Amino acid sequence: LMSEIRYARKSDLEILKTLDHISHEELEYIIERRRIIVMTAGESIIGWLRYGLFWDNTPFMNMLYFLDGARRKGNGTRLVSFWESEMRALGYDTVMTSTLADEEGQFFYRRLGYTDSGALFLPGESTEIIFIKKI
């Protein structure tokens, strides 16, 4: 099946509600703000990227997630590249994200040119590594 990358639509809300862990109201709001990008195979969502603005001025990828079967196939690289292009088109020159130090994500982001730029130490949790990239 050919995959497509597009901004989430209101019609995606019900399925995204079952997949993502944020509130229904917040999901609805960020879909309207064009801050969720989905990857589909046929009619089904196989992954999504959700972002906000760090300090209200720098795009920060809050979530990049793929369902089982859609991982390790280059989909993450394609979705992140699409997002970076969109952010450049909106006039941004820097993007950010983070991942837990005990997760594989850090290696993925470094391969895509993201640089370690700090960490968050939350009680009882693994260190959260903050990444930045000039686009």
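**A first look around**

Analyst: Happy to. Let's begin with Tyr51, which sits in strand E3. One thing to keep in mind is that this is a predicted model.

User: Thanks! Is Tyr51 buried or exposed?

Analyst: Tyr51 has a relative accessible area of 6%. That is under the 20% limit, so Tyr51 counts as buried.

User: And which residues is Tyr51 in contact with, leaving aside neighbours within four places in sequence?

Analyst: Its contacts are Arg34, Arg35, Pro59, Phe60, Met61, Asn62, Trp83, Met87 and Leu90. Take Asn62 as an example: Tyr51 and Asn62 are eleven residues apart in sequence, and their C-alpha atoms are 5.0 Å apart in space.

User: OK, let's zoom out. In what order do the strands of the sheet come?

Analyst: The sheet is open and has seven strands, in the order E1-E2-E3-E4-E5-E7-E6, with mixed pairing. E1 and strand E6 (115-120) are at the edges with a single partner strand each, so one side of each has no neighbour in the sheet. On average, neighbouring strands are turned by 25° against each other, direction ignored.

User: What does "mixed" rest on, then? How do E4 and E5 run?

Analyst: E4 and E5 run parallel and are joined by two bridges. Phe60 stands opposite Met96 of E5. Between these two strands the chain passes through H3, and this β-α-β crossover is right-handed.

User: And how do E5 and E7 pair?

Analyst: E5 and E7 are antiparallel, with seven bridges. E6 and E7 also pair in the antiparallel sense, over five bridges. Ile129 in E7 is the bridge partner of Thr99, and Ile129 is the bridge partner of Ala119 as well.

User: Which side chain does the side chain of Thr99 make a polar contact with?

Analyst: That would be the side chain of Glu103, at 3.2 Å. Beyond four places in sequence, Thr99 is also in contact with Gly105, Gln106, Tyr109, Thr127, Glu128, Ile129 and Phe131.

User: Let's switch to the core. Which residues touch the most other members of the largest nonpolar core?

Analyst: The largest nonpolar core has 23 residues, and Leu49, Met61, Leu64, Leu79, Val80, Trp83 and Tyr114 touch the most other members. Strands E1 (3-7), E2 (36-41), E3 (44-54), E4 (58-66) and E7 (128-134), along with helices H3 (75-89) and H4 (105-111), each give two or more residues to this core. H3 gives the most, with four.

User: What does Val80 touch, then, not counting residues up to four places away in sequence?

Analyst: Val80 touches Leu49, Met61, Leu64, Phe108, Leu112 and Tyr114. There is also a second, separate core of twelve residues, with Ala8, Leu13, Ile30 and Ile45 among them.

User: Going back to helix H3, is Glu84 buried or exposed?

Analyst: Glu84 is in helix H3 and is buried, at 7% relative accessible area. The Glu84 side chain makes a polar contact of 3.1 Å with the side chain of Lys133. Apart from neighbours within four places in sequence, Glu84 is in contact with Val95, Tyr114, Lys133 and Ile135.

User: Last topic: the loops. What is the phi of Asp56?

Analyst: Asp56 has a positive phi of about 60°, although Asp56 is not a glycine. Most residues other than glycine have a negative phi. Asp56 is in the loop between E3 and E4, and at 69% relative accessibility Asp56 is exposed.

User: And where is Arg72?

Analyst: Arg72 is in the loop between E4 and H3. Its phi is positive too, near 60°, and Arg72 is exposed with a relative accessible area of 76%.

Key:
Residues are numbered from 1 along each chain as its sequence is written. This is a predicted model: local features need pLDDT of at least 70, side-chain atom pairs count only at pLDDT 80 or more; totals for chains, interfaces and linings use all residues. Side-chain values use heavy atoms; hydrogens and water are left out. A nonpolar core is a set of buried Ala, Val, Leu, Ile, Met, Phe, Trp, Tyr and Cys residues joined through side-chain atoms within 4.5 Å. Buried means under 20% relative accessible area, exposed over 50%, partly exposed in between (1.4 Å probe, protein chains only). Contact means heavy atoms within 4.5 Å. Two strands pair if DSSP finds at least two bridges between them. Axes are lines fitted to C-alpha atoms, for helices over the stretch in contact, and angles run from 0 to 180 degrees between N-to-C directions. A polar contact is a pair of N or O atoms within 3.5 Å; within protein, one must be able to donate a hydrogen and the other to accept it, and residues adjacent in sequence count only if both atoms are side-chain atoms. A crossover is right-handed if, with the strands pointing away from the viewer, the path from the first strand over the helix to the second runs clockwise.
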